[in-house]
Amino acid sequence: MASTHGAHQVLVASNRGPVSYEVQEDGSLAAKRGGGGLVSGLSAIGPDAGALWVCSALSDGDREAVRQGVGEEGVRMLAVPADVHADAYNGIANSVLWFVHHMLYQTPLEPVFDAEFRRQWASYETYNRAFAEALAEEAAEGAAVLVQDYHLTLVPGMLRELRPDLRIGHFSHTPWAPADYFRMLPDDIAEQVLRGMLGADRLGFLTRRWADAFTACCTELVGGPGNTEVGVHGLGADADFLRRRSHEADVDERMAALREEIGAGRKTIVRVDRTELSKNIVRGLLAYRQLLDDHPEWRERVVHVAFAYPSRQDLAVYRDYTAEVQRLAEEINSRYGTPGWTPVVLHVKDDFARSLAAYRLADVALVNPIRDGMNLVAKEVPVVSDDGCVLVLSREAGAHAELGEDAITVNPYDVIGTAEALHTALTLPAEERAEHSKRLAAAATALPPAQWFLDQLNALVDQPS
Ligand code: F6P
């Protein structure tokens, strides 16, 4: 019998794809390519590997592109209705699953799993089903499918039912919640998420800690992970790309502009984040303020360069958080600033070249998330910094498992402790700083994106069925 299966041997599925579209003033569509670990990882298998990336249309431009049949080879965008996508992405993925795994709830009042939650959950199921059906249609007999992240937890189970012949993997880019916290979800939903993921042959996590948390949830709620293999792949920084890109002309220009803003002879404490609730930018600013109080000798001699790029602005709680970051930065500047010294240089407009310029200038990198799957900034700054940097790193970042020995570790909630860590970092002797920075850069690049991707693919394909 002729196969009705698709032609692709390797498929990747994620909410956000490698390309997005914008409708221009003249009505035409402009394509913009994104970056990140998955994009450079997938490039490792080359254009002839028959790979397909299935992603969601996110913007009006994306939907228009799907409507007009505009697209790139190797990418299939799914035009899930905008309201269904909003419920699944904003309502469930970012407001429930993200909050659970990053432990972000203020529990006296939230979460509340009511009828509205159930309505949004139905959209999350619809959205996951759209992915499962598209993958089932596109995959060749026995193909490998790599599903990404908390947006798509139900896809492996749904796809397994449609296409038992496939090798299915799922990778979590977030932390995984401890079982007691995960059990906040309604019992049937918690079980559905776990069983959905266990539809995969193999699950990947960024650190052993998150993998163990997942296994513990399975043991408590569904009697264990069964035949599904659980693996750890700690995504590293892309050293070749970063070193090359950070020496291009636009980065040099941004460095000159930043140097102007900072002022001659001053030390820099650099942070670069999406303005994301889990990144702990507000406590970072509080710690910097504490440093200026506890160690007034740093006044006029240090600048906190903080880049906080807007993220998920459809959610009110993210907008409020962004406003609080700006308010606090202004408060510090008006309280401590002098005519020749701006204590906090805050930028909120996303500019990759300027981020690299800040990496190069960093004396200290502050990475203090409440909880983070990995945190690639912690890995990128030591690779790029011109004179080596000291890393102040939260013990709750996945990156801490690999970088902790050469970083100054902080409890992200302890503002006084973080202020003291900043002081220690600023005063570290140059030779020690260079030594640590060198070791950080080596650890940070141990598993570059291409190898990270290939390792997962090979482990999935080689695994006995
Ligand atoms: O950190 C986990 C992660 O899925 C990243 O891989 C990704 O950058 C982000 O979260 C998703 O962000 P967004 O909501 O902007 O797509």
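His304 lies in strand E11 of this predicted model. Strands (E, at least two residues) and helices (H or I, at least four) are DSSP runs, numbered from the N terminus. His304 is buried, with a relative accessible area of 1%. Buried means under 20% relative accessible area, exposed over 50%, and partly exposed in between (1.4 Å probe, protein chains only). Not counting residues up to four places away in sequence, His304 touches Ile269, Arg271, Leu285, Tyr288, Pro343, Val344, Val345 and Leu366. Contact means heavy atoms within 4.5 Å.

The model is predicted: local features need pLDDT of at least 70, side-chain atom pairs count only at pLDDT 80 or more, and totals for chains, interfaces and linings use all residues. Residues are numbered from 1 along each chain as its sequence is written, and side-chain values use heavy atoms, with hydrogens and water left out.

Strand E11 (302–309) also belongs to the cover of helix H13. Of the 10 residues of H13 (residues 352–361), 9 are buried, so this helix is largely enclosed by the rest of the structure. The buried residues are Ala353, Arg354, Ser355, Leu356, Ala357, Ala358, Tyr359, Arg360 and Leu361. Their cover also includes helices H9 (239–245), H10 (249–262) and H14 (376–384), together with strands E10 (267–274) and E12 (344–347). At the start of H13, a side-chain oxygen of Asp351 comes to within 3.1 Å of the backbone nitrogen of Ala353.

Arg163 sits in the loop between helix H5 (155–162) and strand E7 (167–171). Arg163 is buried, at 3% relative accessible area. Its side chain reaches the backbone oxygen of Ala139 at 2.9 Å. A polar atom of the Arg163 side chain also lies 3.2 Å from the backbone oxygen of Ala140. Such a polar contact is a pair of N or O atoms within 3.5 Å; within protein, one must be able to donate a hydrogen and the other to accept it, and residues adjacent in sequence count only if both atoms are side-chain atoms. Leaving aside residues up to four places away in sequence, Arg163 touches His5, Ala136, Ala139, Ala140, Glu141 and Gly142.

Backbone geometry was examined next. A cis peptide bond joins Glu110 and Pro111, with omega about 5 degrees. Pro111 is in the loop between helix H3 (82–102) and helix H4 (115–138). Met103 is found in the loop between H3 and H4. Met103 is not a glycine, yet its phi is positive, near 55 degrees. Met103 is partly exposed, with a relative accessible area of 30%. Arg312, also not a glycine, has a positive phi of about 45 degrees. Arg312 occupies the loop between E11 and helix H12 (316–336). At 14% relative accessibility, Arg312 counts as buried.

Helix H8 (residues 208–222) contains Ala216. Ala216 is partly exposed, at 33% relative accessibility. The C-alpha atoms of Ala216 and Ala179 are separated by 6.3 Å, although these residues are 37 residues apart along the chain.

The protein chain as a whole has 18 helices and 15 strands. Its radius of gyration (taken over C-alpha atoms) is 23 Å, close to the 23 Å that the globule rule gives for 465 residues, so the chain is as compact as a globular protein of that length. That rule is 2.2 Å times the number of residues to the power 0.38. The C-alpha trace spans about 80 × 50 × 45 Å along its principal axes. Of the 465 residues, 55% count as buried. Among contacts with a separation of 6 or more, 78% come from residues 24 or more positions apart.
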